[in-house]
Amino acid sequence: MKVLLLDLQPDQYPLEGYRKKQLLSWVFEHAAPDFDSMTNLPLKLRSELQEAYELSPFTKVDTFASTDGSVKYLFTLRDGRQMEAVFMPYEDRKTICVSTMVGCPAKCAFCATGALGFGRNLTPGEIIGQILYAARDQGIPPKEIRNLVFMGMGEPLLNYENTMNAARIMLSPEALNMSQRRVTLSTVGLAKGIRKLATEDIELKLAISLHAPDEETRQKIIPTGQANSIPEIMDAARDYQAKTGRRITMEYAMLKGVNDHLWQADLLADLLRGMVSHVNLIPMNPWDGSGFEESSEAQIQAFYDRLEDRGIPVSVRRSRGRDAGAACGQLALQKPSLRSSV
């Protein structure tokens, strides 16, 4: 069985010396689609690599473009399973949102991905492959994608080792050479995983999907809340901050009549007292069958104002790609208009 080359750390790549550097350059600087494209490698060497390694983890890719410039990629993996990633261009940066799983076991009630259930974990190469394919499709070098968020399908802390190995490839100077300050890991709030993350030799930015400051509401919308209470999550977050010195982002999907009451804003402010944190209010993105509505603009503003009055740094994050099913909480293998490639 062939080895997926992208599963390997740079120091594990085959070849030595300048040939190894050439191979790494083709993979991470040029996003080469196949070994035949590596024209400065001898033909015999390319043939040997082809026999031993797979370069792409995908057999098919469907592409969905949004009117705001974002692009959703629906990847078909070699075992036939599917998952998605989203490329988001901004004036001053290029960002990609990658998946760490096929589906998601967290089953957040307001998230379309959670409704799919869990398929399997992605390997490091299947995570890295999302970045390389998007760069090639956009006609840019992979290293131009400087911002990355583990906010696609899946709970990264439940695919811990593969996610960390993928992050090491992203950060390696021999590979994508990303900055730790530009890679964000989003978790639904697994206290044990947060504590483990604090011990790593790499310091990713941490975002916690809190979504409610009271146990009753949180357990209704996030089933994993029964195993990870709010006090446990907050204790782990404070320990993480004490060890890393990093600001923590709290993500908060605004659900009409569910978690957008001003008393909940006050309770959230109480939870964050003394922490270096930032709250991202995220208007809920609609999907068929969700059973939820996004909060009104007036209520979002009132919630924002209450947090700000309490001294909590806060912003409203407007999701991109809603018309392509690419916004936060919408990734569910849906196919609006598309184009396919491999």
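Author: This is a predicted model. We can begin with Ala227, which is found in the loop between helix 7 (215-221) and helix 8.

Reader: Is Ala227 buried or exposed?
Author: Ala227 counts as exposed, because its relative accessibility is 59%, and the cut-off for exposed is over 50%.

Reader: What about another loop residue, say Arg246: where is that?
Author: Arg246 is in the loop between helix 8 (230-244) and strand 12 (248-254).

Reader: Buried or exposed?
Author: Arg246 is buried, since its relative accessible area is 10%.

Reader: What does the side chain of Arg246 reach?
Author: It reaches the backbone oxygen of Glu203, at 2.7 Å. Leaving out residues up to four places away in sequence, Arg246 touches Gln180, Arg181, Glu203, Leu204, Lys205, Tyr240 and Gln241.

Reader: Now strand 12. How many of its residues are buried?
Author: Seven of the seven, so strand 12 is largely enclosed by the rest of the structure.

Reader: Which residues point which way from strand 12?
Author: Ile248, Met250, Tyr252 and Met254 point one way. Thr249, Glu251 and Ala253 point the other way.

Reader: Which strands does strand 12 pair with?
Author: Strand 12 pairs with strand 11 (residues 205-209) in the parallel sense over four bridges. Strand 12 also pairs with strand 13, again in the parallel sense, over seven bridges.

Reader: Which residues stand opposite each other there?
Author: Ala207 stands opposite Thr249 of strand 12. Ala253 stands opposite Ile282 in strand 13.

Reader: Change of topic. How many residues are in the largest nonpolar core?
Author: There are 103. The members that touch the most other members are Val27, Phe28, Phe150, Met170, Val279 and Leu307. In soluble globular proteins, nonpolar side chains tend to be buried together.

Reader: Take Phe150. What does it touch?
Author: Not counting residues up to four places away in sequence, Phe150 touches Val98, Thr100, Ile127, Pro156, Thr163, Ala167, Met170, Val183, Thr184, Leu185, Ser186 and Leu204.

Reader: Which residues of helix 5 are buried?
Author: Tyr160, Thr163, Met164, Ala166, Ala167, Ile169, Met170 and Leu171. The buried residues of helix 5 pack against helix 1 (17-28), helix 4 (124-138), strand 9 (147-150), strand 10 (183-187) and helix 6 (191-197).

Reader: What span should helix 5 have?
Author: Helix 5 has 12 residues (160-171), so at 1.5 Å a residue it should span 16 Å. The C-alpha atoms at its ends are 16 Å apart, which agrees.

Reader: How many disulfides are there?
Author: Zero, on a search of the whole structure. Cys104 is in no disulfide, and the nearest cysteine sulfur, that of Cys108, is 6.5 Å away. Cys108 is in no disulfide either, with the nearest cysteine sulfur, that of Cys111, 6.1 Å away.

Reader: Are those two buried or exposed?
Author: Cys104 counts as buried because its relative accessibility is 9%. Cys108 is buried too, with a relative accessible area of 13%.

Reader: Last topic, backbone angles. Which residues other than glycine have a positive phi?
Author: Among them are Leu15, with a phi of about 80°, and Asn177, with a phi near 55°. Most residues other than glycine have a negative phi.

Reader: Where are Leu15 and Asn177?
Author: Leu15 is in the loop between strand 1 (3-4) and helix 1. Asn177 lies in the loop between helix 5 and strand 10. Leu15 is partly exposed, with a relative accessible area of 25%, and Asn177 is partly exposed at 37%.

Key. Residues numbered from 1 in each chain as written. Predicted model: local features only at pLDDT ≥ 70, side-chain atom pairs only at ≥ 80, totals over all residues. Heavy atoms only, no water. Core = buried A, V, L, I, M, F, W, Y, C linked by side-chain atoms within 4.5 Å. Buried < 20%, exposed > 50% of the residue type's maximum accessible area, 1.4 Å probe, protein only. Contact = heavy atoms within 4.5 Å. Helix = DSSP H or I, 4+ residues; strand = E, 2+ residues; numbered from the N terminus. Expected span 1.5 Å × (residues − 1). Disulfide = S-S within 2.5 Å. Polar contact = N/O pair within 3.5 Å; in protein donor to acceptor, adjacent residues only side chain to side chain. Pairing = 2+ DSSP bridges.
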